[in-house]
Amino acid sequence: MNYQAPVKTTLLEVRDLRTEFHTASGTVTAVDGVSFAIERGERLAVVGESGSGKSAMAMSILRLLTHPGKVAGGQVLLDGRDITKLSEGQLNAIRGHLVGTVFQDPMSSLDPVMRISKQMIEPIMRNLRLNREQARLEAIKWLGKVGIPEPERRIEAYPFEMSGGMRQRVMIAMALSCRPQLVIADEPTTALDVTIQAQIVEVLKDLTAEAGAAMMFITHDLGLVARFAHKVAVMYAGRIVEFGRVEDIFARPSHPYTQSLLGTIPSTSMLKSDRLPQIPGLPPDMRYPIVGCAFKERCAAAHDRCQREAPRLTDRGLDHRAACWTSHGLENGATLKADRPERTNKPFEPDGSVVVELNALWKQFETSRKMVVRAVNGVNLRVHKGETLGIVGESGCGKSTVARLLLGLEKPTSGDIFISGLAQMVFQDPASSFNPKMTIGDIVAEPLVVKARGNKAERLDAVRRLISQVGLDPAFAERYPHQLSGGQRQRVAVARALALNPSVVVADEPTSALDVSVRAQIINLLVDLKQELGISFVFISHDLLTVRYISDRIAVMYLGEVVEYGAAEEVFADPRHPYTKALIDAVPVPDPAIESRRTSTPLQGELPSPLNLPKGCAFASRCPMATDRCRAEKPALPNHDLSRQVACHYAH
Amino acid sequence: MADITLPTAPAQNTSLLAAVSALFRHRLLSHGKVRLALLILIPIFALTILAPVLPIQKPLETNLRAMMQFPSIEHVFGTDKMGRDIFSRTLAGVQVSILVGFSVASIALAFGMVLGTLAGFYGGLVDRAIMTVVDIFLAFPSLLLAIGLVSVMGTGLVPVILAISLADVPRFIRLQRSQVLSLRSRAFIDAARTVDASQYWLMTRHIVPNTIAAMLVAASIAAANAILVEASLSFLGLGIMPPQPSLGNIVRDGQTYLEQAWWISTLPGVVILLIAVGLHFLSDGVRELLDPRSR
């Protein structure tokens, strides 16, 4: 609706761009002959996994590559001028004035010791040739537009006085304030919660449309692409493998990689009993030259020609190009495979026995200034044998604290925790969850050694069995964590968690650090283990589509309280708490048709501080239907024996 | 079941060995700075070790018929006012330097590791007690502190080593503590805690092995620094006392005769310079090699 291309003129044209990184272990061709164009006012999404070269490409366009990266060839024409041939001085003028940038990490891209005013006003003065007073008014105007409350006051704030979402808004205001014609945003919402992400995306979309700026949006989230983009470029191993209009890409993807990516996302329409299709294998090692198509090892439709020759982008209809030798990619004969299609994600059948019970659990932390952070406020939860409980909520809602309490890593302030058997954990960040000096074998064996189970030979057997159980070759026992990919490390984390035959495994964001194509592999693994071993899972995530797929029950948390609880299907199909509704609403769905029909406005505001909790309903400050009663009286969650509970005065 | 025991001290030794062998795996010898350092240090240290069998005058032997002689084939660095061979005395001084450097680095490493680990790991009262003392020591410049301590403990090799170590230990505790603090919050510690691993296990298996690399670098810097401090103390007449030679007191002896016999002070001074430069290149190179970002 906002998109009215005035005249179709090309703003940015990239021709055969090549970027190389010269490292000690060889030359990595991160961007390998990429060509595309962006028209004025157009929003292009660049999609790809880590290592696909999408960020290196953006940095090459801005000429912001740092050592050892180097643009090795090609042209970048911005408004007809070749950027690759400009001097550093000319470039600086372009970066502020013609091109604005928003980076992923709002924590590190603002100068921590400068007030926002200083960081914003000077570039505006320089680029728009205004005096200090005018520039200040302009900066305040933009801060207001991106949704910073009280911009006249907040402009004098330091970055550390703002939340992540607020800082990202400031970044956007800075990028747009110099009236760029092109905005390059590299994963601008990845570090943010879904509700904040939804707000930021709306702001970016409206303001670029208002200013008539074009935008290049780099992401790995296909849901965001559907919500946001006019055109899509899919990158794999340094090349664009598919390019086209967003409706075409989602409705008629013709490259097997695009088709696979779309297939691996748990969608809202998917039956929970269906097994999640997964892309086998890993992306190629970019240090070695790739012969033939880079995707051939992971492609079910690969044939002889793919082994020998790399396909070029060819026309597939209106504005739609794909780099594949086949005409339609994966066809009926060679569909995307679930690894073991005979398996299903069987719904949970309760046999009544409770494995985990949390009763009136409270946890408060004292800060160094004697303030009390109330992280968990009276949580009652039960997990039955073989059941998966999903806990969702924004960061700061207390879901990770509940996990740590459950594992005994923190002591509750009051309330009790009952666990029949042992609880084990799979951590979020596969990079920091292993001791880098230990081999995989030692890591998996550690729980056995600590608990003095078996002798050395028996433990060795156990380690081999555990490592193969999670789908790795037992030879991995000899390797070190840094030699493994993210997905492999997460499998090892699961193996370690299983070593002592736990009755419940707590997984805190186990897939959020993984690439889309690997994510499905880990989810399928967890589903298999749950059925083979009868283990219960507590699955904590902000990725609502995954939680819906994997969980039997869902608990929605807000400010340390459970506000809604029920069967996963029911909660998603019929959310009753206004917060649950807003949360589900904020999730971008990988379907442009649904996204374009979306009318509701995203949830406004941010989480109140857990230092100073409201007296009434915790959600009242952001709730569209809050009344005086909500602000005065706290709604209670009904008896936890009920299968469906909602803590709201007005929703039953 | 009985044969399962917690690994004790050897675990630490093997990881130290592992760190050193990792160094060699990362092409220690092909690193430019390291090569330069070894090119300087190896000849000096080799001569020091070979000194007893070299055909030179003994360091304490005087020869009143050959006083203040200009460097020659017989006396490579010349002779001093009592006809002692300066080359021989310099080599004996280097021996003292190496002993001081190595001892100080070992003492600082040992105390720093133990106290720093305890302070960082346990926090609370233990931390406050250890760090209060550390902060008091850190308030003084290390040379001044060493001078103060030597004047209390007296001169000679052992007091000098102790004085310099006492000035270095607080720095090592600080470094180790900060490493432990950042490791303590890593997820693999939590993972081990969920299986009820003992605190001893956490420290010896997970924390200490991950701190060794940085501590070794700090130790090599401390060794270089200790050699300079010992030379300074001896130069000031507070360290090793004549007639026992040390690089510092040889330079001090010669300074009165700078105009008549410049070589007495200058040549041992050059050796101090070479050792200091060599050790700094070495620790710089080791640091670069151990830094994961440079791999």
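This is a predicted model: local features need pLDDT of at least 70, side-chain atom pairs count only at pLDDT 80 or more; totals for chains, interfaces and linings use all residues.
Of the 295 residues in chain B, 44% are buried. Among the contacts in chain B with a separation of 6 or more, 70% are accounted for by residues 24 or more positions apart.

## Where chain A touches chain B

The contact between the two chains draws 23 residues from chain A and 20 residues from chain B. On the side of chain A that touches chain B, the elements giving two or more residues are strand 17 (423–426) and helix 13 (440–450) of chain A, and helix 13 of chain A provides the largest share, four residues. By residue class, this side of chain A divides into 12 nonpolar, six polar and five charged residues.

## Helix 10 of chain A

Helix 10 of chain A (residues 256–264) is largely enclosed by the rest of the structure, because eight of its nine residues are buried. These buried residues are A:Pro256, A:Tyr257, A:Thr258, A:Gln259, A:Ser260, A:Leu261, A:Gly263 and A:Thr264.

The surroundings of helix 10 of chain A include both helices and strands of that chain: its buried residues pack against helix 8 (222–228), helix 9 (246–251) and helix 16 (516–533), as well as against strand 9 (231–236) and strand 10 (239–245).

Terms used: Residues are numbered from 1 along each chain as its sequence is written. Chains are lettered from A and ligands numbered from 1 in the order in which they are written. A residue is buried if 20 or more other C-beta atoms lie within 10 Å of its own, exposed if 12 or fewer, and partly exposed in between; C-beta atoms are placed from the backbone. Two residues are in contact if their C-beta atoms, placed from the backbone, lie within 7 Å. Ala, Val, Leu, Ile, Met, Phe, Trp, Tyr, Cys and Pro count as nonpolar, Asp, Glu, Lys and Arg as charged, and the others, Gly among them, as polar.
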